[in-house]
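Here's a quick walk through a model, written for someone who would rather look at side chains than at scores. Have the structure open and follow along.

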Amino acid sequence: GFRSRGERRRLPAPPALEYFKLHESATFSMGVFRFPTSAVIPLHNHPHMTVMSKLLYGKLHVRSFDWVHDDVTGWSGGGTAPGAPRLARLVMDRELEAP
C-alpha cells in the first residue's frame with residue numbers, strides 16, 4: 001500500500017525480557033532471565049554489586065564494560081559524581097554458547 005508523506009512506519013516492539021525471581025534476601029538475590037531471540041537490554045550499571053551469570057541454553061552475544069577508574073565511593077565530593085560521564089573499557093564482546 002501507499003503511505004502519505006508524513007506517515008511513519010512503526011517498527012515492531014522489541015521482544016519482552018522475562019525475569020523469574022528464585023531468591024531474595026538482605027545479602028543476595030538470585031534470578032533467571034529469559035532473553036527471547038533478538039532481545040536487547042540497554043547499557044546499565046550494577047553499583048555495589050557483583051554479577052555472576054550462567055548461560056543455560058542457546059546463544060547470547062555479550063558486550064560488557066567496566067570503569068577505567070572505579071572511583072565512585074558513596075560520593076561526598078571525592079571521586080566522580082554519580083551520573084557524571086566516565087571512561088569505560090570493553091571487557092567482553094563475543095558470542096557465548098551454552099554447554
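Is phenylalanine 33 buried, partly exposed or exposed? At 49% relative accessibility, phenylalanine 33 counts as partly exposed, where buried means under 20% relative accessible area, exposed over 50%, and partly exposed in between (1.4 Å probe, protein chains only).

Before going further, a word on what you're looking at. This is a predicted model, where local features need pLDDT of at least 70, side-chain atom pairs count only at pLDDT 80 or more, and totals for chains, interfaces and linings use all residues. Residues are numbered from 1 along each chain as its sequence is written, and side-chain values use heavy atoms, with hydrogens and water left out.

**The overall layout**

The chain has four strands and zero helices, and along the sequence it reads β-β-β-β. Helices (H or I, at least four residues) and strands (E, at least two) are DSSP runs, numbered from the N terminus. Of the 99 residues in the chain, 4% are buried. Take the contacts (heavy atoms within 4.5 Å) with a separation of 6 or more: 42% of them are between residues 24 or more positions apart.

**The aromatic cluster**

Searching the whole structure turns up two aromatic pairs. Rings of Phe, Tyr and Trp (its six-membered ring) pair if their centres lie within 6.5 Å; planes under 30 degrees apart count as stacked, over 60 as edge-to-face and the rest as tilted. Tyrosine 19 and phenylalanine 33 have ring centres 4.7 Å apart and planes at 50 degrees, so this pair is tilted. It links distant parts of the chain, with tyrosine 19 in strand β1 and phenylalanine 33 in strand β2 (residues 29–34), 14 residues apart. Phenylalanine 33 also pairs with phenylalanine 35: centres 6.2 Å apart, planes at 40 degrees, so tilted again. Together, the ring pairs join Tyr19, Phe33 and Phe35 into a cluster.

Tyrosine 19 is partly exposed at 41% relative accessibility, and phenylalanine 35 is partly exposed at 34%. Tyr19, Phe33 and Phe35 also make up a nonpolar surface patch with Leu17 and Ile41, about 450 Å² in area. Patches are made of residues with over 30% relative accessible area and no salt bridge: like charges are joined within 9 Å, nonpolar side chains (Val, Leu, Ile, Met, Phe, Trp, Tyr) within 5 Å.

**Charges**

The whole structure holds four salt bridges, each being a side-chain nitrogen of Lys or Arg within 4 Å of a carboxyl oxygen of Asp or Glu. Among them are these:

| Salt bridge | N to O distance | Strands | Residues apart |
|---|---|---|---|
| Arginine 34 – glutamate 18 | 2.5 Å | β2 and β1 | 16 residues |
| Aspartate 93 – arginine 63 | 3.4 Å | β4 and β3 | 30 residues |
| Arginine 89 – aspartate 66 | 3.9 Å | β4 and β3 | 23 residues |

How open are these side chains? Arginine 34 is partly exposed at 33%, and so is glutamate 18 at 31%.

One more charge is worth a look: the charged end of arginine 86 sits over the ring of tryptophan 67, 4.0 Å from its centre. That label applies if NZ of Lys or CZ of Arg is within 6 Å of the ring centre and within 35 degrees of the ring normal.

Key
Accessible areas come from the Shrake-Rupley method with a 1.4 Å probe; for residues, only the protein chains shown count as cover.
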